[in-house]
Amino acid sequence: MRKIIVTAFLSLDGVMENPMWTMSYWNDEIARFKAEETTANDVLLLGRVTYEGFAAAWPQRTGEDTGATYFNGARKYVVTNTLDKADWNNTQIIKGDAAEEVRKLKQQGDENLVVHGSGKLVQTLIQHDLVDSYRLLIYPVVLGKGQRLFEDGTQTTLKLVESRNFSSGVVALIYEPAR
Amino acid sequence: MRKIVASQYLSLDGVMEQPTWSAHYWNHEIARFKHDELFASDALLIGRITYEEFADVWPRRTDDEGFAERMNVLPKYVASQTRDQLEWNATLIEGDVVEGVTRLKQQDGQNMLIYGSAELVQTLRQADLIDEYRLLIYPIIVGAGKRFFLDGEQSELQLISHDVLNNGVVALVYKPAAQET
C-alpha cells in the first residue's frame with residue numbers, strides 16, 4: 001500500500017502559508033532534505049489552494065530547476081469539489097468524499113503520495129488516520145499571521161522518527177503516527 | 001540587567017492550554033530541563049490566567065527536589081487588568097506592562113521566568129523584551145486549545161540548542177536574532 005507523506009515548511013508558530021519567508025534560510029542541508037522527497041517516483045496529492053498556488057508558479061520555472069522538472073512532471077491529484085478543470089500538466093481532479101477517495105487512491109500502486117501544504121486536506125487525512133509520515137521543517141521565525149498547517153481538528157499521537165538540526169537554525173522533524 | 005525567559009510545553013500544533021497531555025511523557029530529562037530553568041530564575045512573570053491556575057494548585061504541592069517549594073517561595077509579578085488582590089507571594093505589575101517589565105528587567109538578579117501567559121508573551125515579544133524561549137515540543141497534535149504564539153508581529157529568532165529526548169519530545173531553545181544595525 002502507498003504511503004501518504006505530509007511535508008511542509010513551518011514557522012515556529014506553525015504557519016505554512018506562502019512560505020516566501022523560508023528563502024533566506026535555504027542551504028544545502030535543506031536542499032538535500034527536500035530532494036529526499038522529490039527524487040523518487042512520487043505522486044503529489046494537493047488541496048485546492050495549494051494546487052492553485054503551485055500551478056501558478058511552477059510552470060514558469062525553467063528546466064534547469066530540478067524542483068520545476070519534478071513538480072511539473074509529477075502526477076498530481078487535486079482534491080476539490082469546486083474546480084472543474086485543472087490545467088497544470090498531469091493533474092487529475094478528485095471529487096466527492098475526500099477521505100474515501102484518498103483511501104481508494106492509497107490502495108492503488110506503490111508510489112508514495114506526497115502532500116505539500118494543503119492544511120484543510122491534511123486535517124481530513126489526520127481525522128481518518130490516513131497520514132503515514134510528517135516531514136516538517138521548523139524555521140526560527142514567529143510570523144504572527146497566516147494559515148497554519150495544523151488548524152483545529154482531531155487529536156492524534158505521533159512518534160518522532162528523526163530530528164535534524166541545520167546550520168541555518170532550521171530543525172527538521174520527521175514523525176509517524178503512533179498506531 | 002536580568003534575562004526574561006519564556007518556557008512552555010507545546011503540542012506539535014502549537015497548543016499550550018492545559019497541557020495534561022504532557023504528563024504521560026514526563027521523564028528525568030524533562031524534569032532536569034524544568035529544574036534547571038527554575039533554579040536559574042529568581043522570579044516568575046505571569047499573566048492573570050496562568051496566575052490563577054498556578055496559585056490554585058502549587059501551594060498544595062511538594063516534592064523531594066524542592067521544585068514546588070521554589071515555585072511557591074519565589075516572588076511573582078502578574079500582568080492583569082482585572083485583578084488587584086493577589087496571593088501566593090505575587091505582586092501586580094502596575095500601569096503599563098511593557099514599562100513595568102522593563103523596570104523589573106533592569107534590576108540585578110537571576111532570570112525572570114514566564115510560564116504559559118500567551119498574551120503577556122505576545123506583548124513582551126513585540127516589545128523585544130524576551131531573551132530566551134525554551135520550548136518542549138511534544139509528539140502530539142491536540143487539535144484544540146489556545147496556542148502559545150498569538151497572532152501579531154513577526155520576530156526573527158536564532159536557534160541556540162536542539163535536543164531530542166528519548167521519549168520523542170524535542171527541546172528547542174531560541175533567542176532573538178541579532179538586530180541589524
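Two strands pair if DSSP finds at least two bridges between them. Strands (E, at least two residues) and helices (H or I, at least four) are DSSP runs, numbered from the N terminus. What you're looking at is a predicted model, where local features need pLDDT of at least 70, side-chain atom pairs count only at pLDDT 80 or more, and totals for chains, interfaces and linings use all residues. Residues are numbered from 1 along each chain as its sequence is written, while chains are lettered from A and ligands numbered from 1 in the order in which they are written.

**Inside chain B**
- Strand 6 (residues 132-138) of chain B runs antiparallel to strand 9 (residues 170-176) of chain B, with five bridges joining them.
- Look at Leu136(B): its bridge partner in strand 9 of chain B is Ala171(B).

**Where the chains meet**
- Chain A puts 26 residues in contact with 26 residues of chain B (contact means C-beta atoms, placed from the backbone, within 7 Å).
- On the side of chain A that touches chain B, strand 7 (141-142), strand 8 (156-165) and strand 9 (171-177) of chain A each supply at least two residues.
- Strand 8 of chain A gives the most to that side, with seven residues.

**A sheet across both chains**
- Strand 8 of chain A pairs with strand 7 (residues 140-141) of chain B, antiparallel, over two bridges.
- Thr156(A) sits opposite Ile141(B), which is in strand 7 of chain B.
- Nine strands make an open sheet of mixed pairing, ordered 7(A)-8(B)-9(B)-6(B)-1(B)-5(B)-2(B)-3(B)-4(B).
- Its edge strands are strand 7 of chain A and strand 4 (90-92) of chain B, each pairing on one side only.

Definitions and conventions:
Two residues are in contact if their C-beta atoms, placed from the backbone, lie within 7 Å.
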